[in-house]
Amino acid sequence: MIIKVCGMTRAEDVEFCDALGIDLLGFIFYPESPRNVAQDWVAAQKPGRALKTGVFVRQGVEEIRAIATGAGLDLLQLHGGHTVEQCLALGPERVIKTMWPERYPTVERLASDMLLFAPACRAILLDSGKSGGGHGRSLLPKDLQRLQCPHPWYLAGGLGPHNLTVMKTTGAAGFDLNSGVESAPGIKDHEKIRHALQLLRGKP
Ligand SMILES: O=C(O)c1ccccc1N[C@@H]1O[C@H](COP(=O)(O)O)[C@@H](O)[C@H]1O
């Protein structure tokens, strides 16, 4: 199971999550977000094990490539209306493509769109709402329990210790934690992260 903690804005949170065994650390490159970070600061963050994941909303391929190189990113989370062609141009092995189930009338229509993107990304991230991210709202687990998709998909949207037990029943291959493990936007609550990890991995 992959666990990502997103919205890193402080070195102490990067170090804490890396030491705890979090797999992916998310850095948001979106000026309208309270979690937006500067490329140079991200370049200075050097986790030992966790992969650095940049989150992009509006940027095109060339800009994403430049930021990825400058900030030393391992993975790219495309959290806007990015196309299959853009994912392929950036490299499927490093792309996490966000999709929004609430845009689809049925879970079957969602699954067929996920299949279109599958060859263009390493994983699909399902978030709440119809666009953007960091809303702090959650998807309904009962809808996702019926989802049939052979490609790895991760779950996002208001995840935290309060709902992870039920969210685990969706069968997601990964969980992306953000506002649900914060004390304020961009300020991670270490106890909530520890508790979330315990619920997901069953470790103290
Ligand atoms: O967190 C943000 O501010 C943000 C802004 C723009 C795009 C994505 C953003 N965050 C990502 O959104 C999901 C869900 O977040 P939340 O748990 O609902 O707060 C997650 O992948 C964040 O990485």
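**Exercise 1.** Work out how the shell around the ligand divides into nonpolar, polar and charged residues.

*Solution.* The shell holds eight nonpolar, 14 polar and three charged residues. Here Ala, Val, Leu, Ile, Met, Phe, Trp, Tyr, Cys and Pro count as nonpolar, Asp, Glu, Lys and Arg as charged, and the others, Gly among them, as polar. Of the 25 residues around the ligand, the nearest are C6, S33, G133, G134 and S179 (a residue is near if its C-beta atom, placed from the backbone, lies within 6 Å of the molecule).

The model is predicted: local features need pLDDT of at least 70, side-chain atom pairs count only at pLDDT 80 or more, and totals for chains, interfaces and linings use all residues. Numbering starts from 1 along each chain as its sequence is written.

**Exercise 2.** Find which residues of helix 5 (residues 107-117) are buried, and explain why they lie on the same side.

*Solution.* Step 1: L110, M114 and F117 are buried (20 or more other C-beta atoms within 10 Å of the residue's own; exposed means 12 or fewer, with C-beta atoms placed from the backbone). Step 2: these residues are on the same side of helix 5 because they cover an arc of only 60 degrees around the axis, taken from the directions from the helix axis to the C-beta atoms. Step 3: E108, R109, S112 and L116, on the other side of helix 5, are exposed.

**Exercise 3.** Determine how strand 5 is joined to strand 6.

*Solution.* Step 1: the two strands run parallel, with four bridges between them (strands pair if DSSP finds at least two bridges). Step 2: A123 in strand 6 is the bridge partner of I96.
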